[in-house]
Amino acid sequence: DAGSAAARPWSLWASVGRLSQRGWLVVVPLLVGVAVPFVIPLLDFEYIEGLQTLLPRGDPLTETFLEVQDHFGVSQIFPNTIVVLPPNPGDVTSRGWLNASCHAMKFMASNVTEVMRAHGREAGDASLQNFAMKASDFSGLMIQGGICTSLLISLLENPLAKKYGDFLVNGFSNEDRTATKVRVKTTLDPFSTVGQKWIAAVRDAMAASEVWVSDPSFPGDTTVLGEMHLTGMAQEQMDGAADTFASLPRVIGATLLIVMAVLGSAFRSAVVPLRAVLCLSWMLLVTFGLGVLVYQHGVLQSLGIRPFLTSPDPPAHHAMYWMTPCIAFSILVGLGLDYDIFLMDSVMEHWQEGKDARSAVIAALDQAGTIISAAGIIMFLAFSAMLASTTPMLNQVGFMLCVGVLLDCFVTTKVTIPTLMALVPDNANFWPLEQKTSKRERAFGGQTVFVQRPPPSFRRSLSWSH
């Protein structure tokens, strides 16, 4: 009955919520103060591409792969290739075009050498200051061992040697001879930070070499080499990561707008989705900031959670795998909304039954707090398997998911939401929705009976008829 319900003590989570509301002057600055130390490291966020972050540490296959890579070089395992698209189909066997493209490759080697040495002087890296890219690092139809092959290719057009000439040309060109490829060697790890600077330097040199002088003796005689593209796994991951992070702000903005639209239409309120986005943002900032501290600054190395070394090339530093925050973001937004909706659905029902907003959220915590906590613990245990993984990428994703779930279940729903609802005037928490129960009159035998309709909630938002 009502008397026994009133006498029943509040649950643990309801008590935590009431304490948060009463101490909002302390809780609000505390939440802001906790977020600041985690937001600052995000400004120093760095990411890395490559295959090593996807391989389990200490595994025999991983050790074998690394040993092969050390002996033969990264560029042999992950080759770098320049694809050249001449303006005319027959240019790949034209002596003038081959000669011009050969000289362009030599210029590119010299240009990249100067750029990388400049990077070395800026960074104080002695190894880069002595870096040298040679013409012999290019291997293609127009250049072999640093020597131009235009004369050789033209001699192979002789009917007696044409068969061998076709074999050589087909080895570096496509069937239609509209494109040719050039292998590029490097002693640098193209997945490292230094390797990415090398890729950028090669691409800049390529852009400056698309129109070249075919014969240095006649500067006015220029040849259009056509389009040039540097390809390979390192380049693909580098471009994919750059495009992903360039579009990430738009993705985050669109995601939060969709969240607001869905929650706004479900709860018929403009304030509920705003508060949900604010809570989600706090959780995400703290989670990703802690991830940077752990995997980039190594604050938990003593617990066995080690950062990933980007490259043995100096200066040695750490970074996160580029896909980690992208994967974790989507999952954390979904989980965070789940727990938020579980709680707010109950809050809305209690509020529409006549309770004020402060009392409604406490009653909702008393009713659903334990269920939300149990769901969070289950998800934490499920993600802990990833946290225990020796594969760096899985370890990083698992850590972020575990932290995000714990924050959302035990901080956002138990402390942040009750505190924010206590700061806003009662009815404004659900604006523009009004607190009222909808009743319909029915007459039975001369008596008027009031039939109360169920209050709006997320569960009924799609099925309730007005």
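Which strands does helix α10 lie across, and at about what angle does α10 run to β9? Helix α10, residues 193-207, lies across β2, β6 and β9, and runs at about 170° to β9. Keep in mind as you look that this is a predicted model.

**The sheet beside the helix**

- Start with the sheet itself, which is open and has four strands in the order β3-β6-β2-β9, with antiparallel pairing.
- At the edges stand β3 (138-139) and β9 (227-231); each has a single partner strand, so one side of each is left without a neighbour in the sheet.

**The disulfide**

- A disulfide is a covalent bond between the sulfur atoms of two cysteines.
- With sulfur atoms within 2.5 Å as the cut-off, the count here comes to one disulfide.
- Cys102 and Cys148 form this disulfide, and their sulfur atoms are 1.9 Å apart.
- The pair links distant parts of the chain, with Cys102 in helix α6 (residues 95-123) and Cys148 in strand β5 (residues 147-148), 46 residues apart.
- The disulfide of Cys102 and Cys148 is left-handed, because the torsion about its S-S bond is about -85°.

**The second largest pocket**

- This pocket holds about 330 Å³ of space.
- The pocket is lined by 15 residues, and the closest to its centre are Leu42, Leu248, Ile252, Phe288 and Pro325.
- Helices α11 (233-267), α12 (271-295) and α13 (324-352) are the elements that give two or more residues to this lining.
- The largest share, five residues, comes from α12.
- What kinds of residues make up the lining of the second largest pocket? They divide into 14 nonpolar, one polar and no charged.

**The cavities**

- Searching the whole structure turns up two cavities of 30 Å³ or more.
- The second largest cavity has a volume of about 30 Å³.
- Its lining is made of Ala276, Cys279, Leu280, Gly336, Leu337, Asp340, Asp408 and Thr412.
- Here α12, α13 and α15 (392-423) are the elements that give two or more residues to the lining.
- By type, the residues lining the second largest cavity are four nonpolar, two polar and two charged.

Definitions and conventions:
Residues numbered from 1 in each chain as written. Predicted model: local features only at pLDDT ≥ 70, side-chain atom pairs only at ≥ 80, totals over all residues. Heavy atoms only, no water. 1 Å grid on protein atoms, 1.4 Å probe; cavity = no way out; pocket = protein on both sides within 12 Å on 5 of 7 lines; lining within 4 Å. Points joined across faces, edges and corners; volume = space filled by probe spheres on them. Nonpolar A, V, L, I, M, F, W, Y, C, P; charged D, E, K, R; others polar. Pairing = 2+ DSSP bridges. Contact = heavy atoms within 4.5 Å. Axes fitted to C-alpha atoms, helices over the stretch in contact; angles between N-to-C directions.
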